[in-house]
Amino acid sequence: MSTMVYPREEKLEKLSQEEIISNTKLVIQGLEALKNEHNSILHSLLETIKCLKKDEEANLVHEKSNLLRKSVEMIELGLGEAQVMMALSNHLNAVESEKQKLRAQVRRLCQENQWLRDELANTQQKLQKSEQSVAQLEEEKKHLEFMNQLKKYDEDVSPTQEEKDRETPKDSLDDLFPNDEEEHGQGMQHQHNSAAVAAAQQGGYEIPARLRTLHNLVIQYASQGRYEVAVPLCKQALEDLEKTSGHDHPDVATMLNILALVYRDQNKYKEAAHLLNDALSIREKTLGKDHPAVAATLNNLAVLYGKRGKYKEAEPLCKRALEIREKVLGKDHPDVAKQLNNLALLCQNQGKYEEVEYYYCRALEIYECRLGPDDPNVAKTKNNLASCFLKQGKYKEAEVLYKEILTRAHEKEFGSVDAENKPIWMHAEEREEMSKGKHRDNTPYGEYGGWYKACKVNSPTVNTTLRNLGALYRRQGKLEAAETLEECAVRSRKQSNTGIDPIHQTRVVEILKDTEGDRRRSRDSLTSVKYESGSETGEEA
C-alpha cells in the first residue's frame, strides 16, 4: 500500500501560491491512485469473504475491509480538502484580477482628480483676478464719486494768471508721503521715485490714489490762500476715513498729516503739532517704527518745531528720521541727502557749524554721486554750505562755492569756459580791475554773450547765488563787480517774471530806474550787507 508524505509547515510557509497549487494537484493525483488501489483491494476482500466459510477467517477479512473503508473515507476527505484548496485558488485568482482592475480604476481616478485639481487652481486664479478687477473698479468708482463730490468746491472762478504768478510756492505741503512726495516739480523726483515706492511697498503700505488726489487739491487751495476750502475738505475726508477704517489706520495718519501741514501754513502750530504727534503714533503702531512713512512724519514734526524756533526739540526728531531713511533706503539715497540738509539747517540755527559742514558735505557728495553734478540740488546744497561759511566769516570758502555754482551753470548753458566764453563772475572781476585802472568798460551788459539769459532757466538758486556773491564782493570793496552781478540778477528776475502781478512788476521797474542811484548809495554803505539763505528745499527748517 502506498503512503502519503505531507510537507512540513516551515516549507509550506515558504511556498508561493503557484507552488502550493502545483503540489495540491500532485497530492490529488496520488490520492486518486491510492483510492483506486484501496477500492480494488476492498473489492477483492469482499469476494474473498463470499468464498470463505469459516467464521474466524471471515472476521479477519471483515476487519481488514473495515480498515480499508476507513482509509478510503480518509482519502476521500483529503480529496475533498484538495478540491476546496483548488476552488480557493481559483477564487484568489479571481480576487487578484479584480484587484488589478480596481488598481487601474484607482489610477484613472487619481489622474482625473489631478486634472480636476488643476482645473480648480486655474478657476481660483481666474476668480482671484476677477476679484482684484472688481476691487480696482470699486476703488475707481469711489475715486470718481469722491471727485464728483469735490466739484462743488471748484465752482469759484479759477485764479487768473497774475494771481498764479504772484503766489510763491509753499515749503510745507510737499513732505506728506513717505518718499516721493517731498519735492514736487524738482528734477530728483524721477530718479529716486521707483526706489521710494519699493521701500514703501516693503513696508506693506501704499497710499490710495484718492488721498494723493486730495493732497494735490489741498496744495492747490492752500497755495491760493483758500484755507476756508482746504480745511473743511480735509476734516470731512478725515471723518469719513475714521468711520470706514477706524482711527488707528495708516490712511487716517496720512489725512492727519495733510491737515497738519495746512494748519502749519496758517501758523496754527499748536494744532499742527497735535495732529502730527497723533499721526506719528498711528504710523508707528500700524506700520512699525522703522517705516519710511514714520520718517516723513518725524521730518514734518521737526520742520514744525524749527519754524517755532524749537531747534533743540527738532534736532532729535530729524536725526531719527535720518536713521530710518538710512536703514530703509541706504546711506547714499537722495532722500537721505535731503534729510541731511534739514538736519544741517537745524544745527546751523544752533550755531553747531562743524556739524553743519559735515552734513552739507555729505549731502553734496550723495547728490553729485547719485544725481550728477548738474542736478539742481547740488547747487542748492553748495549755496547752503556757502551760507554756513559766511556765518563763520569764511568768506574765501564761500566765494569758491558761489563761483563753482555760477561756472557750472554757465558751462551747462554755453559750453566749457575759455578766453572767449567766460562766466559772469569772471566778467565782473574784469570790470572791477578795469574800474581800478580808470578804464571802466561802459559796454552794456547784454553784449557779454547774453549770459544773464541762463538765469531764466528756472534756476532761482543761480539768482540767489548772484545776489549773495554780489553782497560778498560789496563787503570786500569790489563795488564794480558787485554791481555787475546785481544788475545781472535784476535783469534775470525781470525776464523770468513775465506775467507777474502789477505790484511786483512796478517794484522791478523801480529797481531798474533806481539802479544808478543805488550804485551811488552802495559806495557809502559797505557795512549794510545782507546775504540771502540758499536753502530752497521743500523741507526747510
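Q: In this predicted model, which helix holds Tyr221, and why is Tyr221 called buried or exposed?
A: Tyr221 is found in helix α6, which covers residues 209-223. Its relative accessible area is 2%, and because buried means under 20%, Tyr221 is called buried. In space, the C-alpha atoms of Tyr221 and Val231 are 9.4 Å apart, while in sequence the two are ten residues apart.

Q: What makes Gln348 count as buried or exposed, and which residues does Gln348 touch?
A: Gln348, in helix α12 (residues 334-349), has 9% relative accessibility and therefore counts as buried, the cut-off being under 20%. Leaving aside residues up to four places away in sequence, Gln348 touches Tyr353, Val356, Tyr360, Asn384, Ser387, Cys388 and Lys391.

Q: How do you know whether the span of helix α17 agrees with its number of residues?
A: Helix α17 (residues 460-475) has 16 residues, which at 1.5 Å a residue should span 22 Å, and because its end C-alpha atoms are 23 Å apart, the two values agree. Following α17 is Gly477, with a positive phi near 90°.

Q: What makes α17 mostly covered?
A: Of the 16 residues in α17, 14 are buried.

Q: Which residues touch the most other members of the largest nonpolar core, and what does Leu469 touch?
A: In this core of 86 residues, Leu214, Val218, Met255, Leu466 and Leu469 touch the most other members. Not counting residues up to four places away in sequence, Leu469 touches Glu399, Tyr402, Lys403, Leu406, Trp425 and Leu485.

Methods
Residues are numbered from 1 along each chain as its sequence is written. This is a predicted model: local features need pLDDT of at least 70, side-chain atom pairs count only at pLDDT 80 or more; totals for chains, interfaces and linings use all residues. Side-chain values use heavy atoms; hydrogens and water are left out. A nonpolar core is a set of buried Ala, Val, Leu, Ile, Met, Phe, Trp, Tyr and Cys residues joined through side-chain atoms within 4.5 Å. Buried means under 20% relative accessible area, exposed over 50%, partly exposed in between (1.4 Å probe, protein chains only). Contact means heavy atoms within 4.5 Å. Helices (H or I, at least four residues) and strands (E, at least two) are DSSP runs, numbered from the N terminus. The expected span of a helix is 1.5 Å times one less than its number of residues.
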